[in-house]
Amino acid sequence: MREIYLKWYKQVIDELEILKQVEIPKPPRKPRSIVISGMGGSGIVGDYVQTLANRRLNVPVFVVKDYKLPAWVSGEDLAVFISYSGNTFETLSCYREAVARKVNMVAISSGGKLRKYAEENKTPYIPVKKGLVPRASLPAMVFAALGTLEKVGLKITFEKEVEETVFVLKEGVGEEEINNIVYSMENTLPIIVAYVDYAPLAWRFKNELNENSKIPVKVEIVPEWGHNDIVGWEKPYSKNHTAIILQPEKKTEEPYSIMLQYTIEYMGKQGIRTYKVKCKGENLLTQLLYGSLVAGLTSVKLAERRNLDPLATRSIKEYKKTITKHFTV
Ligand code: F6R
């Protein structure tokens, strides 16, 4: 896993090459909304794109992590289906529904049934390289989704930002930094704390620690945190937690900076250990992918220290087997 994470910069370059060969016809009218459907390591891509789009696009992005589409999705919308394996029940079920509703669609996968169905239905299709686990393919899938938007005239990333992302991923993360994060959270229940723009990264960090390190993790997003979770610390069952605070290396914008500072001080007063992870990059895309690299390397290191295989996700396999026993799509 570590080797794959360290080559993420190459994954971005390769996916940009793949995108050059793909044609996606522009819908006749600007889509009313972009719906992104996917689960787990593929579904998180929707969260990244939604957050990036919220800042720059006048078309709403809606993320679906379910087996059915919301009732309002129709031919006026553009739906992007992302499944690394191409065989995930929930995503395929949404795809089927979109076909029936004549929604404009794009499919992204490394193969599987999604590819087959896309061929049958002439759905524009973007491949990502085969042979990885979904979560290790994050940059390729993020760039495939961003490339989809660009091809339909809804560009939200600039060349300079892509270049910076490749540069920062290539530079990597110092081993000492990873060790420090691991030591700060080891044998505790980590809480990943982030402000709204970093929310997808907080969820990604949690998912990486779940799947690679095999531990449960809590996520808190500021400012919502100050309206409920804050009270939970008045009388908790346990204080064996470490708050991992995600923020930009450069200045955090106000008032988020003040809100985060308050959170750190409050948690500190409650006896919760806090550790700040500073994300490199001048722009949000770079910061989110750098943070994802930190999350990946941290989770692999923790797995190693626990003598566990980061690649294995037995329980997901069992869950999928049970669901597909009941439903075929
Ligand atoms: C991540 C992982 C899962 C899958 C999820 C959906 O590495 O294994 O979170 O991403 O079960 O599967 P795919 O991505 O194949 O649609």
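In the predicted model, helix 6 lies across strand 1, strand 3, strand 4 and strand 5, and runs at about 160 degrees to strand 4. These strands belong to an open sheet of five strands, paired in parallel and ordered 2-1-3-4-5. Its edges are formed by strand 2 (61–64) and strand 5 (125–127), each of which pairs on one side only. On average, neighbouring strands of the sheet are turned by 20 degrees against each other, direction ignored. Strand 4 (residues 104–109) and strand 5 run parallel and are joined by three bridges; serine 109 has proline 127 in strand 5 as its bridge partner. Helix 3 also packs on the sheet, where it touches strand 1 (34–37), strand 2 and strand 3 (78–83), and its direction makes about 165 degrees with that of strand 2.

The axes of helix 3 (residues 40–56) and helix 6 (residues 138–151) come within 9 Å and cross at roughly 50 degrees; the two helices are therefore oblique to each other. The crossing is right-handed. Residues of helix 3 in this contact include Ile44, Val45 and Tyr48, while those of helix 6 include Met141, Val142 and Leu146. The contact residues comprise eleven nonpolar, two polar and no charged.

Glutamate 211 is located in helix 9 (residues 199–213). Its relative accessibility is 18%, so glutamate 211 counts as buried, the cut-off being under 20%. Apart from neighbours within four places in sequence, glutamate 211 is in contact with Arg135, Pro310, Ala312, Thr313 and Ile316. Serine 299, 88 residues apart from glutamate 211 in sequence, is 8.3 Å from glutamate 211 in space, C-alpha to C-alpha.

Definitions and conventions. Residues numbered from 1 in each chain as written. Predicted model: local features only at pLDDT ≥ 70, side-chain atom pairs only at ≥ 80, totals over all residues. Heavy atoms only, no water. Helix = DSSP H or I, 4+ residues; strand = E, 2+ residues; numbered from the N terminus. Buried < 20%, exposed > 50% of the residue type's maximum accessible area, 1.4 Å probe, protein only. Contact = heavy atoms within 4.5 Å. Axes fitted to C-alpha atoms, helices over the stretch in contact; angles between N-to-C directions. Parallel < 35°, antiparallel > 145°, perpendicular 65-115°, else oblique. Left-handed = near helix turned anticlockwise from the far one by under 90°. Nonpolar A, V, L, I, M, F, W, Y, C, P; charged D, E, K, R; others polar. Pairing = 2+ DSSP bridges.
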